[in-house]
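Please keep the sequence and the coordinates at hand while reading.

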Amino acid sequence: MGRVLAVLLLILTIVLGAVFAASQIPVESAEYYGAQVDYYRSFIFEPSFEVKLPTDDYASVSVSALMPNGSLKYLGTYSGRGKIQIEYRTILGVMRDWNRYLVANNLSPDSVKPSLLLLGTVQDEEGNLDYFMTTVPIGVENLLKNLWVRIDIDEDVVGRLYGKDRVKELLKEPGEAGTSAEIEPNTPLPEIGKPQCSPEFWVGGDRSRYCFEWLPEKTLGRASIIPVAAFQVTGDTSKINDIAISLDYSAVTTNRAELAFSAVGAVETENAGGSVEGRILGYSYTINKNSLRIPKSEVRIWGPELVSPSVIGAGIKGSVTFAKYRLYRVDYINGRPEHYRPFDIYAYVVLGKPDEKNMELRKYVEPGWPDREGGPMSRTMWFVHRYWREAIENSGHGGLSISTFTVRQEVSTLPLFSASAPVLGVIGKGDVKVSPFTLAVAIGLTKETSVSSLVNVDVGLKYEHRNDTVKVSIYASKVLFDYRGNKYPLTGMFGDIFIPGNSGYNPPCDPRTGYCPENISPDHEH
């Protein structure tokens, strides 16, 4: 009997060892800008959702999710040292919402990966206060299968908020009961639990911790169009035969490449005079091109539709949210959040997604100069002229063709941001300090490709003007955005098209862009 029991124990040990070993091998692994996501099967225990932080110091992380309608849903604040555990049922609830939305639209749950937005603060061993911002796509189908999830955030996403001396001053200042009136209604505040965002200390007989947390304050704006290309057209437009703008997802031939919609963010600090720092957040949303096939889309603008000046462009229907978060010091007494102290430090983020049911290009022809109060493409070009810089000049005879691939190479930006859309212009929110950043949703790829161009613009002159010149200028952001210790501009198909002609067709000129026409419309100076 003893021998039989020993054999059974040995078999059980081998089986458990095999199960444990299998559970340590991810069934799927994806590397994104700023993070890696691994999925594991859970054989015995309940599934978990773990985030390995970019530091082993105390950290507090505000978690929000991109929802099917394009909004951001705040899921709570989590804290820990080196890692945090997010409530699995909370994430699963979000993915079930996505599944219902996808099924209702006859789409497979593996066709898209919406992102979590992670805004974190870190109190390092020297007493400094740092922060990080990143977005991480999560597979809807993988959560429905109850797979374990582990996210590893890159170390180089961390930036500095306060030095240790300033942190000491902030900790001496008293907190305030209640919360800021500016926090959006129905925002769930940190739950009662065991915060681990700072060392624990005693005040009388109470256990206390000081935590620095990002809380959502308000949604600053929404947009329903994502610009793919926009141009100011001036000069002798009678020479133009047509301008074609195309968006070609099928050009992506790399099997493991996902089509990505991404975002940048900005942090506004309370330093002298205020300063703003821009960061590439990563992917706000990705599409599995094998599950969601998108045909090539093209719009064509004919010469008779144009006057000088005009703004033309193309966009896709989608949902874009411009959100604002504020930094708070939260005082936890015996595990309960008792006091909140707001600081004049804000995080701005733009996340967006397309309308999966219809991603065809929509054509826009808007007569007149770019205008802050004009149509979507007019507003876009107003922001581009005001806040971006001229990066590329090109010319051709009889016509001209330009693509995101060639622009990316010349401007030296990330492949992901070679088709950025300056959506802050579409949202029309230009009264914040982040306006110079012209926050963008980018259309790009999750893998490097050598030949793929997502967006192409072709300008063709009439046959009788086949020897005449077409001039094009393409813009890129003046502000460089931080990613892995390097700085990159945003760019895309946004610029000026000029057709030289007889006298009276001088190039348009704006003091901010270097263009100086002899007679410029007052509307252009908004």
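A residue is called buried when its relative accessible area is under 20%, and exposed when that area is over 50%; partly exposed covers the range in between. The model under discussion is a predicted one.

With that cut-off in place, the aromatic side chains may be considered. The structure contains twelve aromatic pairs. One of them joins Y32 and Y283, with 5.2 Å from centre to centre and 65 degrees between the planes, an edge-to-face arrangement. Y32 belongs to strand 1 (residues 28-32) and Y283 to strand 16 (residues 275-287), so this contact ties together parts that are 251 residues apart in sequence. Y32 and Y283 are both buried.

A further pair is made by F261 and Y285. Their ring centres are 6.1 Å apart and their planes stand at 75 degrees, so this pair is edge-to-face. F261 is located in strand 15 (residues 259-269) and Y285 in strand 16, and the pair links distant parts of the chain, 24 residues apart. F261 is buried because its relative accessible area is 0%. Y285 has a relative accessibility of 0% and therefore counts as buried. Both rings also take part in one aromatic cluster, formed by W98, Y101, F261 and Y285.

The charged end of R81 is placed over the ring of Y58, 4.3 Å from the ring centre. In another such contact, R329 lies over the face of Y210, and the distance to the ring centre is 4.8 Å.

Over the whole structure, a search finds four cavities of 30 Å³ or more. The second largest cavity has a volume of about 80 Å³. Which residues line the second largest cavity? The lining consists of Y33, G34, M133, T134, D156, V157, R279, I280, L281, D482, Y483 and R484. Strand 8 (129-137), strand 16 and strand 27 (481-483) each contribute at least two residues to this lining. Strand 16 supplies the largest share, three residues. Sorted by class, the lining of the second largest cavity comprises six nonpolar, two polar and four charged residues.

Where does P309 lie? P309 is found in the loop between strand 17 (297-302) and strand 18 (310-333). The peptide bond that joins S308 and P309 is cis, with omega at about 5 degrees.

Two asparagines deserve a separate look. N106 is a residue other than glycine with a positive phi, near 60 degrees. The loop between helix 2 (88-104) and strand 7 (112-123) holds N106. Because its relative accessibility is 73%, N106 counts as exposed. N146, likewise not a glycine, has a positive phi of about 60 degrees. N146 is placed in the loop between helix 3 (140-144) and strand 9 (148-153). The relative accessibility of N146 is 34%, so N146 counts as partly exposed.

Definitions and conventions
Residues are numbered from 1 along each chain as its sequence is written. This is a predicted model: local features need pLDDT of at least 70, side-chain atom pairs count only at pLDDT 80 or more; totals for chains, interfaces and linings use all residues. Side-chain values use heavy atoms; hydrogens and water are left out. Helices (H or I, at least four residues) and strands (E, at least two) are DSSP runs, numbered from the N terminus. Buried means under 20% relative accessible area, exposed over 50%, partly exposed in between (1.4 Å probe, protein chains only). Rings of Phe, Tyr and Trp (its six-membered ring) pair if their centres lie within 6.5 Å; planes under 30 degrees apart count as stacked, over 60 as edge-to-face and the rest as tilted. A charge sits over a ring if NZ of Lys or CZ of Arg is within 6 Å of the ring centre and within 35 degrees of the ring normal. On a 1 Å grid over the protein atoms alone, a cavity is a set of points where a 1.4 Å probe fits but cannot get out, and a pocket is an open set with protein on both sides within 12 Å along at least five of seven lines; lining residues have an atom within 4 Å of a point. Grid points are joined across faces, edges and corners, and a volume is the space filled by probe spheres set on the points. Ala, Val, Leu, Ile, Met, Phe, Trp, Tyr, Cys and Pro count as nonpolar, Asp, Glu, Lys and Arg as charged, and the others, Gly among them, as polar.
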